[in-house]
Amino acid sequence: IARREFGSGISANVDAMARLGLLYLRDGLWKETRILPADFVRQAGSTVPGVVGLPVVNPADYGKASDHYGLLWWNNADGTLPDVPRDAYWTWGLYDSLIVVIPSLDIVVSRAGQSWRRERGEDHYAVLQPFLGPIAAAADDLLERQPPPKQKAEAAATHASPPYPRSTVISEIVWSPADSITRGARGSDNWPLTWGADDQLYTVYGDGRGFEPFVDRKLSLGLARIGGPAEAYSAVNLRSATLETTGDGARGKKGSGMLMVDGTLYLWARNAGNSQLAWSTDLGKTWTWSDWKFSVSFGAATFLNYGPDYSGARDGYVYVYSHDHDSAYEAADRMVLARVPKKQMTQRTAWEFFIEVDDSGQARWTADVAERGSVFDHRGRCYRSGVSYNPGLKRYLWCQTLPGGDTRFAGGFGIYDAPEPWGPWSTVYFTERWDIGPGETSSIPPRWISSDGRTVHLVFSGDDCFSVRRGELVLPAAN
């Protein structure tokens with residue numbers, strides 16, 4: 001196949017171009033050899049504010065910042081191309097030469113044709129829709145009918161099995177149709193939640209501008225309050241100079257856990273040299289930050305949530321979970337658990353760490369984080385999570401995202417249940433590929449669990465939004 005100039009004096013044929021796309025599709029791996037860091041590759045599909053990179057279409061475009069540009073790749077992260085997955089990204093060379101990568105569809109497309117004809121004043125993305133839209137539709141249809149070899153291999157792998165046996169208390173979850181999902185705060189993610197003493201939900205978001213009307217700048221850590229039922233909630237952004245931070249990805253603090261106890265809001269922030277605690281006694285207006293951190297493990301700490309203002313808790317302790325890694329961006333083999341008396345949360349010396357359940361069924365604890373044990377095992381697949389108590393069923397529900405790829409748009413997760421905060425765990429729901437993207441975090445807020453415990457609402461960061469989906473918990477038939 002003939003070579004041609006792609007840009008900057010680089011010449012290649014479409015096969016070579018496709019191989020570069022395949023390297024990115026495989027998160028920087030080539031035949032099991034690491035060529036590029038996975039975090040670097042994943043930023044190709046994310047918007048990098050202030051980066052100039054408009055293609056040579058209109059001289060007036062020079063010097064403008066792009067809403068579509070990642071690290072040297074164009075992308076659809078903001079959904080400008082409605083018929084193309086938002087995780088799609090591509091290089092854009094001379095004569096509209098393209099290397100297109102769409103991880104959620106497991107495809108790479110390379111093009112080395114003639115330049116497309118443009119109308120005067122036409123948006124520079126308009127020429128892409130007629131090309132990428134049909135490709136995405138055809139690949140999506142093929143994926144539904146016959147998964148590609150990579151996915152077949154993964155389905156056959158040991159990862160495809162849940163790490164714990166099926167629950168004997170909850171038979172299954174029946175999800176509402178995908179088109180019933182409500183989405184708000186487009187462009188923001190994370191969403192740890194807690195039920196306040198005022199009957200409102202409090203949450204923090206990351207890498208966005210919150211709910212409409214949006215705040216005036218993109219925040220890595222912003223606060224919001226949510227009221228009403230899950231199907232018709234109302235949300236308002238809350239501003240706090242002592243909480244808000246900026247910085248995309250790992251460059252800025254992000255919220256990983258929220259809790260209200262006795263009228264005080266508590267927040268775990270990750271990307272802070274592991275995890276740092278903050279608290280507010282005035283419903284989020286002002287915050288105090290701890291002068292200590294969890295600097296070993298607990299890279300994405302999250303609170304166990306009960307009822308409003310922590311009512312209905314099993315005892316006088318507050319419980320915190322994380323995958324067993326210093327970084328929020330790396331998966332681990334196990335989950336870990338810590339606890340603290342609820343009146344001593346701000347004192348580092350009051351915290352202790354789960355070791356194991358002894359022969360009598362009692363949990364053992366230690367003040368030494370180096371002696372921490374595992375509260376949940378799933379080799380290489382423990383990542384970010386959210387935990388809450390379902391009083392109607394008297395079960396703890398733990399939502400865990402499976403790592404890998406851009407989970408905003410495609411991926412899997414599990415929901416596990418147990419009679420105690422430390423287990424024993426069983427599997428309520430497990431999938432390697434949900435029918436939509438589960439996002440990197442999810443939880444089942446107790447505020448939106450029915451009194452009988454059978455109707456729940458999953459809040460997740462899929463599609464880079466505050467996404468809410470109803471689920472019905474099916475119980476085993478009585479014998």
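**Figure 1. The largest cavity of the predicted model has a volume of about 220 Å³.** One cavity of 30 Å³ or more is counted in this structure. Its lining comprises 24 residues, and those closest to the centre of the cavity are Pro 192, Ser 256, Thr 302, Ser 385 and Gly 386. Two or more lining residues come from each of strand 11 (189–195), strand 15 (254–261), strand 19 (302–305), strand 25 (385–390) and strand 29 (442–443). Sorted by class, the lining holds 10 nonpolar, 12 polar and two charged residues.

**Figure 2. The largest nonpolar core contains 46 residues.** In soluble globular proteins, nonpolar side chains tend to be buried together. Within this core, Trp 268, Phe 303, Val 375, Phe 376 and Trp 425 touch the most other members. Strand 21 (residues 332–341) makes the greatest contribution, giving six residues. Another core, of 19 residues, lies apart from the largest one and includes Cys 399, Tyr 429, Val 456 and Leu 473.

**Figure 3. Surroundings of Phe 376.** When neighbours within four places in sequence are left aside, Phe 376 is in contact with Pro 163, Tyr 164, Asp 333, Arg 334, Met 335, Cys 382, Trp 398, Gln 400, Tyr 416 and Trp 425.

**Figure 4. Pairing of strands 21, 22 and 23.** Two bridges join strand 21 to strand 22 (residues 352–357) in the antiparallel sense, and Arg 339 stands opposite Glu 352 of strand 22. Strand 22 also pairs with strand 23 (residues 363–366), again in the antiparallel sense, over four bridges. Here Phe 354 has Trp 365 in strand 23 as its bridge partner. Strands 22 and 23 form a hairpin with five residues between them, and Gly 361 in the turn has a positive phi of about 90 degrees.

Terms used:
Residues are numbered from 1 along each chain as its sequence is written. This is a predicted model: local features need pLDDT of at least 70, side-chain atom pairs count only at pLDDT 80 or more; totals for chains, interfaces and linings use all residues. Side-chain values use heavy atoms; hydrogens and water are left out. On a 1 Å grid over the protein atoms alone, a cavity is a set of points where a 1.4 Å probe fits but cannot get out, and a pocket is an open set with protein on both sides within 12 Å along at least five of seven lines; lining residues have an atom within 4 Å of a point. Grid points are joined across faces, edges and corners, and a volume is the space filled by probe spheres set on the points. Ala, Val, Leu, Ile, Met, Phe, Trp, Tyr, Cys and Pro count as nonpolar, Asp, Glu, Lys and Arg as charged, and the others, Gly among them, as polar. A nonpolar core is a set of buried Ala, Val, Leu, Ile, Met, Phe, Trp, Tyr and Cys residues joined through side-chain atoms within 4.5 Å. Buried means under 20% relative accessible area, exposed over 50%, partly exposed in between (1.4 Å probe, protein chains only). Contact means heavy atoms within 4.5 Å. Two strands pair if DSSP finds at least two bridges between them.
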